[in-house]
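Here is a friendly walk through one model, meant to be read with the coordinates open beside you.

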Amino acid sequence: MTAKKKVVVQLPPAARNIPVTERYALELEALDSAGAEIVEVPAGSEEEFIEGARDADALITSWGIDISETIIAGLDKCVVIGVGSVGVDMVDVEAATKAGIVVTNVPDVFIEEVADHTLMLLLAAARRVKVMDKMIVAGDWYRGRPVFNDIPRLWGQTFGLLSFGNVARAVARRAQPFGLHVISHDPYVTELKMTSEDVEPVSFGELLERSDYLSIHPPLNKETHHMMSTAQFSAMKKSAVFINAGRGGAVDEKALINALRDEEIAAAGLDVLEQEPPNLDNPLLTMDNVILTPHAASATARMRPTTRRRVGREVSLALTGRWPMSCVNPTVLPRIELERWQPYPMERGPNR
């Protein structure tokens with residue numbers, strides 16, 4: 001009898017008394033057909049995790065300890081690391097590529113949800129919803145309207161997007177009917193792609209200087225870590241509103257706090273922070289000009305089931321010798337024995 005392939009996940013911190021086959025039923029919908037089983041491994045330390053995952057054929061992760069270079073070096077036969085999110089900053093992708101391991105993610109599962117949430121944060125911060133709510137609760141009904149004496153209407157304002165990937169494009173499509181002029185900076189996206197979406201391509205410096213509202217959407221890596229810091233906030237308009245529903249580490253949080261305190265920018269709407277959950281003494285929690293949500297932009301009834309099925313599908317493809325639908329490190333593919341695959345006729349659609 002052929003041994004099943006081993007797919008390792010980190011043992012949840014409060015694992016319920018439910019069999020693995022039930023807890024990971026959605027992932028196993030795809031993995032069962034690949035002859036794979038899921039094994040939970042404690043992750044109290046890198047050493048402990050390596051001990052349990054050394055002989056894994058695949059890893060699935062989206063939380064817990066990072067899949068570091070040390071862990072990757074300790075994997076003897078891992079083919080694929082499946083990440084159940086858009087961001088893959090919890091995996092050392094460079095180390096995985098050197099080791100010949102495919103890293104997959106789910107870049108297109110909850111695009112619309114995050115775009116909705118981004119625009120919600122923009123509108124809530126722009127219209128000072130937090131201040132309005134506090135005034136009414138305090139009995140200051142008539143003080144609300146004067147707050148807007150110096151705040152322009154949205155129509156005709158400039159909305160900047162730092163990065164122009166899937167989420168940013170969906171945000172742009174939502175923002176334009178509000179009368180916002182959308183500009184974007186992304187050195188990895190062609191001007192033609194931006195202009196085809198009625199978005200004006202600009203330099204990074206121009207993006208900071210012109211944006212009345214700035215929303216950032218880059219992946220988190222060495223290039224983008226703290227790409228928004230003191231110099232960048234200083235270059236923005238004092239009336240600008242800053243939005244981040246992307247990656248917390250892309251922002252130097254101390255610099256953001258100082259910019260808000262010193263009135264270098266006017267307000268912020270944040271779904272992500274550098275440290276999550278934040279310390280209760282984090283100044284952002286008590287600022288009237290800051291709207292916060294708990295890294296929930298992608299959360300809907302659809303999100304978790306769809307994400308889990310997609311992760312299982314991606315890992316299953318790699319374990320059965322085929323290229324996954326989404327590969328974060330595509331330069332690894334020509335070096336490993338995975339074949340391009342064609343969708344079954346029923347998956348192609350009528351005109352493909």
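Histidine 226 sits in the loop between β9 (213-216) and α11 (230-234); helices (H or I, at least four residues) and strands (E, at least two) are DSSP runs, numbered from the N terminus. Although it is not a glycine, histidine 226 has a positive phi of about 55°. With a relative accessible area of 25%, histidine 226 is partly exposed, where buried means under 20% relative accessible area, exposed over 50%, and partly exposed in between (1.4 Å probe, protein chains only).

A word on the ground rules. This is a predicted model, in which local features need pLDDT of at least 70 and side-chain atom pairs count only at pLDDT 80 or more, while totals for chains, interfaces and linings use all residues. Residues are numbered from 1 along each chain as its sequence is written, and side-chain values use heavy atoms, with hydrogens and water left out.

The mean pLDDT (the predictor's confidence in each residue, from 0 to 100) is 90 for the protein, and 94% of its residues reach 70 or more. Over residues 344-352 the pLDDT is below 50, and this stretch has six contacts in the model beyond near neighbours in sequence; contact means heavy atoms within 4.5 Å. Where pLDDT is low, the predicted coordinates should not be read in detail.

Serine 163 also has a positive phi, of about 90°, without being a glycine. Its place is the loop between β6 and α8, and at 10% relative accessibility serine 163 counts as buried. For another backbone feature, look at the peptide bond from glutamate 276 to proline 277, which is cis, with omega near -5°. Proline 277 is found in the loop between β11 (267-270) and β12 (290-292).

Now to the strands. Two strands pair if DSSP finds at least two bridges between them. The pairings of β7 (residues 181-185) are set out here.

| Pair | Sense | Bridges | Residues opposite each other |
|---|---|---|---|
| β6 (residues 158-162) and β7 | parallel | five | Phenylalanine 159 and valine 182 |
| β7 and β8 (residues 200-201) | parallel | two | Isoleucine 183 and glutamate 200 |

Strand β7 is mostly covered, with four of its five residues buried. From β6 the chain crosses through helix α8 (residues 166-175) to β7, and this β-α-β crossover is right-handed: with the strands pointing away from the viewer, the path from the first strand over the helix to the second runs clockwise.

Threonine 158 is found in strand β6 and is buried, with a relative accessible area of 12%. Its C-alpha atom is separated by 5.2 Å from that of aspartate 212, 54 residues apart along the chain. Leaving aside neighbours within four places in sequence, the contacts of threonine 158 include His181, Ile183 and Tyr213.

What are the residues with the most contacts inside the largest nonpolar core? They are Val7, Phe159 and Val315, in a core of 55 residues. Such a core is a set of buried Ala, Val, Leu, Ile, Met, Phe, Trp, Tyr and Cys residues joined through side-chain atoms within 4.5 Å. Helix α6 (residues 111-126) gives the largest share of this core, nine residues. Apart from it lies another core, of 27 residues, among them Ala250 and Val290.

Finally, the cysteines: the count comes to zero disulfides, a disulfide being a pair of cysteine sulfur atoms within 2.5 Å. The sulfur of cysteine 78 is too far for a bond because the closest cysteine sulfur, in cysteine 327, is 13 Å away.
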